[in-house]
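Dear colleague,

Please find below the structure that I am handing over to you. My notes on its salt bridges follow it.

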Amino acid sequence: MLQKIKEFESYLILEEKSKATVMKYTHDVTAFVQWLDGQQISKAVVQEYKQLLESEYVPKSVNSVLSSLNSFFGWINHPEYRVKSLKIQKNTFIEPNRELTKAEYDILLKTAYEQGKTRLYLVMQTICATGIRVSELAYITVDAVKNGVASIKCKGKNCVIFIPSKLCKMLQRYIREKNIKNGAVFVTRKGNPLNRSNIWAEMKRLCIKAGVLASKVFPHNLRHLFGKTYYAVYQDIVRLSDILGHSSINTARIYTAESGEVHRKRIQNLGLIRDYFLHDTT
């Protein structure tokens, strides 16, 4: 079975899946095979594994694993092993303990700068000011900063990302000070491009010193803040979807969601309540 997983990995690479997707799918399939411990695969066994996942993970994470497994089952020509994903009711409002505000973003930047975390300070602004995915950070190169434009390839699509002029100036100074001649601007001590885990760990340490809830501080939330801010200013979901590289406009609708408190204020301002009863003293 391990050989099959290796072949599946090669198949995913040939299908031009992103590196993160290849790693995710092979990790999920490997975990399933280890759980099998020699058992024969059947629909009933897969359903049992699904129940185990449900007892340990949130529905979104369960569905993510099932997607990996279903892809593998299709590849080995056993679609009958596939199981249905969990139905998840769409959350109408943003969870307040997960929404990063601009004020909190400012606090994170100020703290990073004061702590001498210049690289993190610039990484966060690069993601938040352009809307790129953390996996696309490697495309922010010396040449891209020089030209003010980055050409990004992700999920089989080519995107052009414009880098704000003020950000370019800061990055140019950083490049000079770090004596970076070419390639990715943000690299580890060994010269490898920063990855999601590097940035995630740094941000988690930063949020403690900044006094911002850890549940709000992770790389993708910076991209989310870009989307929310862009939509609030321009109200153009079609253009926003293009900028963020979404295949469907529906994916970008998450940036139009509002907090429960904002919704409460809006319905209170509709003027549909008549409070005669409160003023009736008879």
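**Salt bridges and burial**

Glu 202 counts as buried because its relative accessibility is 14%, where buried means under 20% relative accessible area, exposed means over 50%, and partly exposed lies in between (1.4 Å probe, protein chains only). Please note that this is a predicted model, in which local features need pLDDT of at least 70, side-chain atom pairs count only at pLDDT 80 or more, and totals for chains, interfaces and linings use all residues. Residues are numbered from 1 along each chain as its sequence is written, and side-chain values use heavy atoms, with hydrogens and water left out.

The partner of Glu 202 in a salt bridge (a side-chain nitrogen of Lys or Arg within 4 Å of a carboxyl oxygen of Asp or Glu) is Arg 119, with the closest N and O atoms 2.7 Å apart. This pair links distant parts of the chain, 83 residues apart: Arg 119 belongs to helix α6 (residues 118–130) and Glu 202 to helix α9 (residues 196–210). Helices (H or I, at least four residues) are DSSP runs, numbered from the N terminus. Arg 119 counts as partly exposed because its relative accessibility is 24%.

Across the whole structure, the search finds six salt bridges. Among them is the pair of Arg 133 and Glu 136, whose closest N and O atoms are 2.8 Å apart; both residues are buried.

Arg 173 and Glu 177 also form a salt bridge, with a closest N to O distance of 2.8 Å. Both lie in helix α8 (residues 165–177), four residues apart, or about one turn of the helix. Arg 173 and Glu 177 are both exposed.

Yours sincerely

Definitions and conventions:
Helices (H or I, at least four residues) and strands (E, at least two) are DSSP runs, numbered from the N terminus.
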